[in-house]
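Let's take a walk through this fold together.

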Amino acid sequence: MELAPAILGSNSAAPQAPQDRQLAKQSELLQSFFGIPSIDKAWASPSPRGNGLDVVVAMSQIDLPGNAKRNFMSHLYLPEAGHGLDPATNCHWSPFPIQLTGASLVVPSPSGSKVLVVCNTEPASKDSPCSVKLQIWGPMQLLKEVHVPSKLHGSVYTDGWFEGVSWSHDERFIAYVAEEPPVDRQVFGQAMGKDGQKQEGEAGTWKGQGDWVEDWGECYAGKRRPLIYVADTNSGSVQAVEGIPQDLSAGQVVWAPSSSEGTQYLVFVAWSSFADNFKTPRKLGMKYCYNRPCALYATAAPMFGSHSSDRSPGAPLKLTATISSAFSPRFSPDGEFLVFLSAKAAVDSGAHCATNSLHCVKWSGGDSLGTLPPARDVVPVISRPDAKGFPGLYCSTFLSHPWLYDNRTLLLTSAWRSTQVIVSVNLESGEVLRLTPEDSISSWSLLSVFKNNLLAVASNPGSPPDLKIAYCSSMEKISDAAFQWSDIPTPVEHTEEVQSILSSISSRILQIPVPSSDGNEILPQGAKDPFEAVFVSPGEVKEGSEPPPLVLVLHGGPHSVSLTGFSRNYAFLVGLGFSLLHVNYRGSLGFGEEALQCLLGNIGRRDVNDVLTALDVVLAEGLAKPDKVAVVGGSHGGFLTSHLIGQAPGRFVTGIVRNPVCNISSMVGITDIPDWCYMESYGKAGLDLYDEAPSVKHLGAFYQASPIAHVDKVQVPTMFLLGAQDRRVPVSNGLQYAQALRARGLEVKVIVFPDDIHAIDRPQSDFESFVNIGAWLKRFT
């Protein structure tokens, strides 16, 4: 195996070999792409200037030397659409952005007059406490700073499933989710304290390890159980919400509308430590996994309940007992309805991600909480969409305020086949409208809603993120035609080389017919419909000209999707002269539930055939040459890549894998999601077959579904990029396959990133990965 390359960008005066000069040039180009900022969030409020909006835009940029992400904010004035002023020519950015240092999360209050800044300071060592500060800022000053003692709680959850921060309606209280406090561990040694107890820190003492504490797997290593806390911004005091059972992990907390009896309620989501659908008393990995049963609960808020009600805190009330999944709760502005998303299709089928549904319940507070009516389906799971029709909901959350002015229209971002769009949902009729242009290849994301103004960000393979604003021109009837989108100039500078590459990129979505030899006669109709692939090239491929080398890019999951949004890494590969084919094989999100479910139990076969069919379409159109095709993928995409170079060895010149699944039979006992191994190998039968101690028969089925079953047929050089801290597909899985290839005399390159998890997304690791990917592709194509 080759070792990782030397540090790039060295100032050494020693002469460089041509290969080194090429690598240095590619490194410089990728650094330029890494300098392109992302637009992450935005908040709009009425401007004191009148007829306009003041917008705070949260952005980020990669800090490669610091191996971190640099977060900053900029202010933007926008004339309110519909008042005769073109936002493109009348907007005003602040001269300079302001960098946020030490801020883990920023949450404005509902009125926009205050902002909460959460500061998590990571402990210096495993035995050191985490320091948490809650800062409340007003327009010109810090109003309150709360230092939360570590004995009350650990770090605040600021991303992922459990994140939840909510201001009370009067903006005095803040509910949030944080780790429960650590359990004291036994101190051993000779020295004794004055009270007869051993005291840690005295000479001759040390702290024991204590009992193993189960966590929620990938991205949650060492994280303690999430609980809900409420901070009083006047007094600075913090209290835990009591009564949450020990087997529940809480998150996504929101304040319920004010109750007539004075009691204030919190609504939150909770996950049980017992995986009901797989009948196992353990925590299965949560990251990217929507098939974990969860429910909505309500409980009295501690600050209000202790002063305004005689109701003593007890166990929270379960609000969604009749549905297997409920998350992302939001109340309508008038307080009449509670809406939430459900991943019941994933929970009930075992697929790790599937088509979601939207539900609504008539809300009543106080003692009538126990008599809430059953939830009503607003948007059901879509089995088979029309050719260009709404394919179903593929989103995991909403904005904190996702409502239009009528109190009944909810806005959200969702995958729509190979693009991401903004849709509106009418709570009463269930009507779903696509609000972003149908002829746009860009992927869109909703950032903010203020009255009838929508702020969004859009990007595509050749266009980095740009801000957009829309105004609903009809106050009486909401329709897709009522929204007119305008560009907001973003003052971002690119290098001349990057700008030249971006302006030349061409992209389009290809319709791929389902392979005829796929047992289609027994498939539901939705699984027989065409799937898609996104073709990206360095300019139009003209008939009769030499096409660029082609790289197939395969997403993970497998129940995920390659969207048409901008990617620094893939724009870099196009800049090196490669065309890319992102294949959304059946099983991908965004195409309806029948197409998604048809992959369960068929991995390594149906997805492999779909990818080869997409490649045949591109070759038939003359967009690539058959002797210059490479394949790249991560996670399940790495699984597919490894399968393809084994099952179709003559069709690819090289393969590149990032944390690939290579041997399911060895993965099942060490991954945080052993249920994935059962569901993807056996299909829905895996729900009943699941066992913490797989049988010999099960292990044999896992092996036969794995790339390692075809390792003897591999003929091409392969590169492996592996994260040593990966709990989803532990590093041993990729290393075993790499060693098997080496033993068969094949060229193998392995780079192991010692501190990276499954995503390999730490900035320097991501950078080194794609510099090496570019160099490897240049060498073999």
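Start where E31 meets strand E32 (residues 531-537): the two run antiparallel and are joined by seven bridges. Strands (E, at least two residues) and helices (H or I, at least four) are DSSP runs numbered from the N terminus, and two strands pair if DSSP finds at least two bridges between them. Along this pairing, Ile509 sits opposite Val534 in E32.

A word on what you're looking at: this is a predicted model, where local features need pLDDT of at least 70, side-chain atom pairs count only at pLDDT 80 or more, and totals for chains, interfaces and linings use all residues. Residues are numbered from 1 along each chain as its sequence is written, and side-chain values use heavy atoms, with hydrogens and water left out.

Now zoom out. Eight strands make up an open sheet with mixed pairing, in the order E31-E32-E34-E33-E35-E36-E37-E38. Its edges are strand E31 (506-512) and strand E38 (748-753), each pairing on one side only.

Helices pack on this sheet too. Helix H6 (residues 568-575) touches E32, strand E33 (550-554) and strand E34 (579-584), and its direction makes about 140 degrees with that of E34. Helix H14 (residues 731-743) touches strand E37 (718-723) and E38, at about 160 degrees to the direction of E37. Touching here is contact, meaning heavy atoms within 4.5 Å; axes are lines fitted to C-alpha atoms, for helices over the stretch in contact, and angles run from 0 to 180 degrees between N-to-C directions.
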